[in-house]
Each structure stands twice: as C-alpha cells, then as structure tokens.
Amino acid sequence: METMAARPIPAHVPPDMIGNFSLFSSPGLEPTPNGDPQAASAVVHDGPRIFYSPVNTRDGKGTWVITRAQDQRRVLQDPETFSSHRSIFASALGESWPMIPLELDPPEHGKFRSLLNPLLSPKRVMALETAVRERASVLIDRIAASGTSCDVMTDFAFPFAVNIFLRFLGLSDDRLDEFVGWANDLLHGDNVKRPAAARTIVAFIDELSADRRRQPVDDFMSFLVQSRIDDRPLTDMEIRGTGVLLFIAGLDTVAAAIGFDLNYLARHQADQQWLRDDPKRIVLAAEELLRAYPTVQMIRVATRDVDFEGAPIRKGDYVSCATMIANRDPLEFADPARIDLAREDNRHTAFAYGPHRCLGSHLARREIVVGLEEWLKRIPTFRIKSGTAPVTYGGHVFGIENLILDWSQEDAA
Ligand code: HEM
C-alpha cells in the first residue's frame with residue numbers, strides 16, 4: 001500500500017469544518033481483515049452536511065465531503081460548478097488527457113455519451129446475456145469440480161468480469177491473466193506499479209486502435225476508429241481516452257460487487273437460503289446489495305468559489321460524493337444499516353447520478369445477477385473458510401481480496 005503524504009490544509013477551510021475522516025485511512029477503511037468498509041464509511045451522518053477531510057484521495061489531497069444523498073445529487077447535477085475534468089489516469093504518466101466520457105463536462109461530454117450509449121443499451125446487453133451466462137457456468141463448474149473451497153476473487157469474479165470485457169472489445173481470452181494483473185496494479189499498486197500498468201494499458205489500447213484502423217472488424221475499437229463527432233473522426237487522444245476508460249471501468253467494479261455480495265451471503269445463511277428458495281428474488285436483492293455495498297467515490301473539482309451549505313468551497317477544491325455515504329444516508333433510506341434483500345423503491349446511487357450516470361450499468365447489473373444466479377445454482381450452502389479472513393479496503397474504488405469460501409460438509413455443519 002502506498003503511503004499518502006498529507007498536504008497542508010488550505011487557509012480558507014475553517015478549522016471547525018475539518019473532519020477526522022478519510023475513505024482511505026479511517027478505521028475499517030485502510031486494508032483490514034474481515035472489514036466492512038461500507039459500514040465503516042457510514043459514520044458521518046450524525047455530523048455536518050459537509051466537512052473537509054484533509055487526506056481523502058490517493059495522492060493525499062483533501063476533499064470536501066458531502067454526507068447527504070440529496071446534496072450529492074445537487075453537486076452531481078451541476079457540472080458547471082462541479083467539474084469532472086481531472087485526468088486521473090493520465091496524471092499517473094505525467095500527462096493530462098481526459099478519460100472519455102468520464103472526465104469531460106457538458107456540452108462535450110454529451111456528444112461522446114450519445115455516441116457510446118447505444119453500445120451498452122439494454123438491448124445490446126440482452127444480446128450479450130447468453131455469453132455472460134455461459135462464461136459464469138463454465139467458471140463455476142470448474143470450481144465445483146475441483147473441490148469444496150475456492151478464492152472467489154481470483155477463481156471467479158475477476159476472470160468473469162475480464163472475459164465479458166474482452167468479449168465486448170472483440171478479443172479472445174488468451175491474455176486474460178495478464179489483463180487482470182494490469183487492472184490490479186493500476187488500481188491497487190504502489191507508486192512504481194501504477195504508472196507501469198498505466199503505460200502498458202495505453203500501449204495496448206494504442207496498438208489495438210492502430211490494428212483496427214488498418215483492418216476493421218465487428219468490435220468496439222473498430223467502431224471507435226470509424227466514428228465521427230461534429231463531422232470529424234475522433235482524434236488519437238480521444239480514442240485512447242475512451243479505450244482506456246472502457247478498459248478499467250468495468251473490471252474492478254463488477255468483480256468487487258460480486259465479491260462483496262458473496263461475502264455478505266456467506267455470512268448471512270438465512271438470506272442465502274431465501275435466494276435459493278426463489279432465485280427470481282436475486283434481481284431485487286442485487287439492488288439492495290448495490291445500495292449497501294457500492295464501491296465508487298466520485299470527485300468533482302469546483303470551477304468557481306461557491307458557498308455550499310455553509311462551506312466556503314474555493315475554485316480548484318475537490319468535492320467528494322461517495323456512493324457508500326449517500327447509500328446509507330438515513331434521510332434517504334429507512335434503517336440504512338439493515339440489509340433487506342426485499343427492499344423496494346431503492347433509489348441508490350451505486351451507478352452515480354446526473355450526466356455521468358454509469359454507461360455500463362445495464363451490463364454490470366446483468367453480470368452481477370447472472371453471476372449470483374449461477375453461483376447459487378451450482379454451489380451448495382457456503383461460508384467464509386474458517387481460518388481465513390478476506391482483506392477489504394476503502395479508497396476511490398472499494399475492494400475485497402482473497403474471498404475464500406468453503407462448502408465442505410464439515411464447515412457447513
Ligand atoms: C458494479 C459495477 C459498476 C459500478 C458500481 C459503476 C459505477 C460507476 C459510477 C459511480 C460512475 C460515475 C463516475 C463519476 O461520475 O465520476 C460510472 C461511470 C462510468 N461507468 Fe461504471 N460502474 C460499474 C460497471 C461498469 C461497466 C461494466 C462499464 C463498462 C462496460 C462501466 C462503464 C462506465 C463508463 C464508461 C462511465 C463514464 C460515464 C460518463 O462519464 O458519462 N461501468 N460507473
């Protein structure tokens with residue numbers, strides 16, 4: 001884990017608005033065995049609507065933290081004041097191009113969204129469903145045949161998410177392990193591994209787009225290199241920015257969601273049985289698990305000085321809208337700490353809100369639901385393997401490592 005050097009707190013932040021909280025390092029949010037980072041982040045609702053956390057990004061920068069779901073929606077719906085323009089990925093390389101459409105603001109953002117929306121529409125996802133289900137079955141059959149225990153993250157969640165992404169890109173599985181390694185280094189590596197992984201991913205995307213330019217086939221990259229915006233082809237930087245985003249957006253998030261869901265079910269046998277009794281319940285349950293175990297912290301940058309609920313936000317300040325905080329806001333959800341797999345009217349923000357609402361949400365939902373359906377169909381009552389402890393961590397994207405489940409008779413007894 002890389003260490004975060006705290007920066008000085010800006011002079012305009014009133015001392016009484018500084019909160020002792022960080023999504024990276026507060027108790028339960030640093031890498032913790034058997035932790036529950038979402039529960040550990042839901043400790044801010046008794047406090048003010050907004051406060052300043054001095055160390056709340058990977059590079060040790062402070063952010064304002066918005067604690068109410070309603071206020072987060074105001075921020076996310078006001079890109080003129082709260083911009084997405086940050087170049088997080090490129091900055092690891094000392095460069096400054098945006099990931100597209102994530103780091104563009106309207107009106108540019110809308111042009112790319114209109115181009116990309118049809119690729120991940122509910123209809124397109126439906127067409128992928130058979131492949132998604134087949135992939136889940138093959139992986140889980142292999143796990144079931146090889147014993148009564150496995151590491152869900154390395155044996156199922158990551159290979160599953162990466163395979164679906166590769167299929168979307170039109171690539172074969174040959175380099176799957178390599179891709180999982182890149183994604184892991186990028187998201188969780190240290191100061192050496194992260195830039196190295198970023199360079200490798202950029203080189204891969206650049207090479208793939210050059211290939212598809214020379215010889216287009218029926219896949220995402222070919223679509224991108226042939227697309228036009230404002231009556232012109234996309235620039236190399238735009239193709240790179242879009243390709244890189246699609247590469248990283250769906251890998252860790254889907255794998256983490258499946259991991260957190262199975263971690264929950266392993267510890268709550270009655271809920272596990274309730275889903276087995278009627279697998280149609282999984283669709284609704286997956287929404288509650290997305291509410292309770294969301295994984296993404298969104299950051300926006302103030303484009304001007306603005307007073308927000310008493311906070312003197314200044315141009316350039318970072319503003320955090322953490323889905324894990326919004327999704328456990330008691331003003332928004334009755335009894336938010338209780339996980340009720342039958343919860344209705346679930347207006348969670350796991351997939352964000354406003355113009356940047358997740359482009360891949362239909363696909364992600366299908367992957368999660370199908371993953372859980374196939375798992376419960378093939379694996380008998382399971383629990384965390386005794387003597388093991390999955391390590392969970394907070395950060396910009398919450399995650400879980402080494403989720404070792406066991407379904408042997410002895411452990412299940
Ligand atoms: C459980 C899985 C997922 C979660 C929790 C998730 C969550 C999110 C969130 C919170 C955002 C907004 C980020 C921001 O505004 O700063 C986002 C944006 C995005 N996601 Fe996802 N995502 C998931 C899966 C996927 C998948 C599978 C794909 C692609 C196949 C994808 C593609 C994207 C893209 C392209 C954006 C940028 C949208 C824009 O800026 O207009 N995501 N996602």
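Okay, let's start at threonine 148, which sits in the loop between α5, residues 122-145, and β5, residues 149-151. Before I go on, please keep in mind that this is a predicted model.

What does threonine 148 touch, once we skip residues up to four places away in sequence? The list is Leu405, Asp406, Trp407 and Ser408. Take aspartate 406 from that list. Along the sequence, threonine 148 and aspartate 406 are 258 residues apart, yet from C-alpha to C-alpha they are 5.8 Å apart in space.

Threonine 81 is in the loop between α2, that's 69-76, and β4, that's 82-83. Its relative accessible area is 3%, so threonine 81 counts as buried. Leave out the neighbours within four places in sequence, and threonine 81 is in contact with Val301, Ala302, Thr303, Arg304 and Val306.

Now to the ligand. Which protein residue gives a donor to its iron atom? That's Cys358, through its SG atom, 2.3 Å away, and it is the single donor from the protein. If you want to find cysteine 358 on the screen, go to the loop between α14, residues 323-326, and α15.

Follow the chain into α15 itself, residues 361-378. This helix has 18 residues, and from its first C-alpha to its last it reaches 26 Å, close to the 26 Å you'd expect at 1.5 Å a residue. How many of those 18 residues are buried? It's 13, so α15 is largely enclosed by the rest of the structure.

Next, helices packing on helices. Helix α10 is residues 236-249, and it packs with α11 at an angle of about 10°, their axes 4 Å apart. α10 and α11 are therefore roughly parallel to each other. On the α10 side we have Phe247, Ile248 and Ala249, and they meet Leu251, Asp252 and Thr253 of α11. Sorted by class, that contact of α10 with α11 comes to four nonpolar residues, one polar and one charged.

Then how do α11 and α12 meet, at what angle? Helix α11 covers residues 251-267 and helix α12 covers 269-277; their axes come within 5 Å and cross at roughly 110°. So α11 is roughly perpendicular to α12. The residues that meet here are Tyr264, Leu265, Ala266 and Arg267 from α11, and Gln269, Asp271, Gln272 and Leu275 from α12. By class, the α11 and α12 contact holds four nonpolar, two polar and two charged residues.

One more helix pair: α6, residues 152-169, and α7, residues 176-188. Their axes cross at roughly 105° and come within 10 Å. That angle makes α6 roughly perpendicular to α7. From α6, the contact uses Phe158, Pro159, Val162, Asn163 and Leu166, and from α7 it uses Leu176, Phe179, Val180 and Asn184. Which classes do they fall into? Seven are nonpolar, two are polar and none is charged.

As background, most residues other than glycine have a negative phi, and most peptide bonds are trans. Here are some exceptions.

On the peptide bond side, the bond from isoleucine 100 to proline 101 is cis, with omega near 0°. Proline 101 is in the loop between α3, 88-91, and α4, 108-116. Proline 106 and proline 107 are also joined by a cis peptide bond, where omega is about 5°. And where is proline 107? In the loop between α3 and α4.

On the phi side, asparagine 34 isn't a glycine, but its phi is positive, about 55°. Asparagine 34 lies in the loop between β1, 32-33, and α1, 37-41. With 39% relative accessibility, asparagine 34 counts as partly exposed. Asparagine 402 has a positive phi too, near 50°. You'll find asparagine 402 in the loop between β14, 399-401, and β15, 404-406. Its relative accessibility is 40%, so asparagine 402 counts as partly exposed.

That's my tour, thanks everyone.

Conventions:
Residues numbered from 1 in each chain as written. Predicted model: local features only at pLDDT ≥ 70, side-chain atom pairs only at ≥ 80, totals over all residues. Heavy atoms only, no water. Helix = DSSP H or I, 4+ residues; strand = E, 2+ residues; numbered from the N terminus. Expected span 1.5 Å × (residues − 1). Buried < 20%, exposed > 50% of the residue type's maximum accessible area, 1.4 Å probe, protein only. Donors = N, O, S within 2.8 Å, 3.2 Å for Na, K, Ca; no water. Axes fitted to C-alpha atoms, helices over the stretch in contact; angles between N-to-C directions. Parallel < 35°, antiparallel > 145°, perpendicular 65-115°, else oblique. Contact = heavy atoms within 4.5 Å. Nonpolar A, V, L, I, M, F, W, Y, C, P; charged D, E, K, R; others polar.
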